[in-house]
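Please take a moment with the sequence and the model shown here before reading on. The paragraphs that follow move through it step by step, beginning with a term that will be needed on the way.

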Amino acid sequence: MPEWLLAGAAGLLAGAALLVGSAVAWFVAVPARVVAVVMAFGAGVLISALAFELVQEAVERGGLAATAGGFLAGAVAYVGLNVLLARHGAQHRKRSGTQQPSQQEHSGSGGAIAVGALLDGVPESMVLGLSFLTGPGLSLPMFAAVFLSNVPEGLSSTAGWKKAGRGPGYVFGIWGAIAVASGLAALAGYLLLDGAAPTTLAFVNALAAGAILAMVTDTMIPEAFEKAALYSGLIATLGFLAAFSLHAAG
């Protein structure tokens, strides 16, 4: 199978984990504390992956300047877009409680939440395609990190969307579309940057890492802290250690 097709398939499969988490939340009444625990674990997994699979790799291949520039640019771009979406009702799109507004409470929030969910998923999917260009093939630790973190993201978001009165067509339609978009993002990451200079690859990898860290801080950690405040640090540490173990074993 050609690498470009493998890149797209990896992004699609990782994005499909959002549907897995969403289905669990839709059909099972998951306690808020359990949602918080899995979000904390997922946050730790992503932080470890972006540190060792993206930032460290970027520094080694393209140097500190390109890495630092990309990392900062990714965080600034994500936060700027997130602030804009928050004004239209998407601020609490990953919360499992009653923080999310319904369409009646905030007109246009449904579209803003959909765009926000897409914004959260694209950077981490794109780096799956890039991993084919910076290594011997797909980075299994990065793939595992994205997949494992997508399950609690889909679970928490869907629990909140359901409480806000969103229907199954809206919920599963969004996650299905984002799974497809994740595959396209991974494919684009591979095709658009095939043959790019090491500094360019470093910049883009770090760009994604900065956006992912901003996403974890803005949308995952608040959910983890609210219902598991006393233990969220330990749970996130376990997630970090699990992802680091995959990196070290690879």
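A crossing of two helices is called left-handed if the near helix is turned anticlockwise from the far one by less than a right angle, and right-handed if it is turned clockwise. With that term in hand, one can turn to the structure itself, keeping in mind that the model is a predicted one.

Consider helix H2, which spans residues 32–62, together with helix H5, which spans residues 140–163. The crossing of H2 and H5 is left-handed. Their axes come within 8 Å and cross at roughly 150°, and, since angles over 145 degrees count as roughly antiparallel, H2 is therefore roughly antiparallel to H5. On the H2 side the contact is made by Val35, Val38, Met39, Gly42, Val45, Leu46, Ala49, Glu53 and Leu54, while H5 contributes Pro141, Met142, Ala145, Ser149, Pro152, Glu153, Leu155 and Ser156.

A second pair to follow is formed by helix H1, made of residues 3–27, and helix H6, made of residues 168–193, whose axes come within 7 Å and cross at roughly 160°. H1 and H6 are therefore roughly antiparallel to each other, and H1 passes H6 in a right-handed crossing. The residues of the contact of H1 with H6 divide into 20 nonpolar, seven polar and one charged.

Is serine 182 buried or exposed? Serine 182 has a relative accessible area of 3%, and because buried means under 20% relative accessible area, serine 182 counts as buried. Leaving aside residues up to four places away in sequence, serine 182 touches Gly11, Leu12, Gly15 and Ser125. With serine 125 there is also a polar contact, made from side chain to side chain at 3.2 Å.

The last stop is valine 28, which is placed in the loop between H1 and H2. With a relative accessible area of 48%, valine 28 is partly exposed, whereas serine 182 is buried. What is the distance in space between valine 28 and alanine 159, C-alpha to C-alpha? Although valine 28 and alanine 159 are 131 residues apart in sequence, they are 9.5 Å apart in space, C-alpha to C-alpha.

Notes. Residues are numbered from 1 along each chain as its sequence is written. This is a predicted model: local features need pLDDT of at least 70, side-chain atom pairs count only at pLDDT 80 or more; totals for chains, interfaces and linings use all residues. Side-chain values use heavy atoms; hydrogens and water are left out. Axes are lines fitted to C-alpha atoms, for helices over the stretch in contact, and angles run from 0 to 180 degrees between N-to-C directions. Helices (H or I, at least four residues) and strands (E, at least two) are DSSP runs, numbered from the N terminus. Angles under 35 degrees count as roughly parallel, over 145 as roughly antiparallel, 65 to 115 as roughly perpendicular and the rest as oblique. Ala, Val, Leu, Ile, Met, Phe, Trp, Tyr, Cys and Pro count as nonpolar, Asp, Glu, Lys and Arg as charged, and the others, Gly among them, as polar. Buried means under 20% relative accessible area, exposed over 50%, partly exposed in between (1.4 Å probe, protein chains only). A polar contact is a pair of N or O atoms within 3.5 Å; within protein, one must be able to donate a hydrogen and the other to accept it, and residues adjacent in sequence count only if both atoms are side-chain atoms. Contact means heavy atoms within 4.5 Å.
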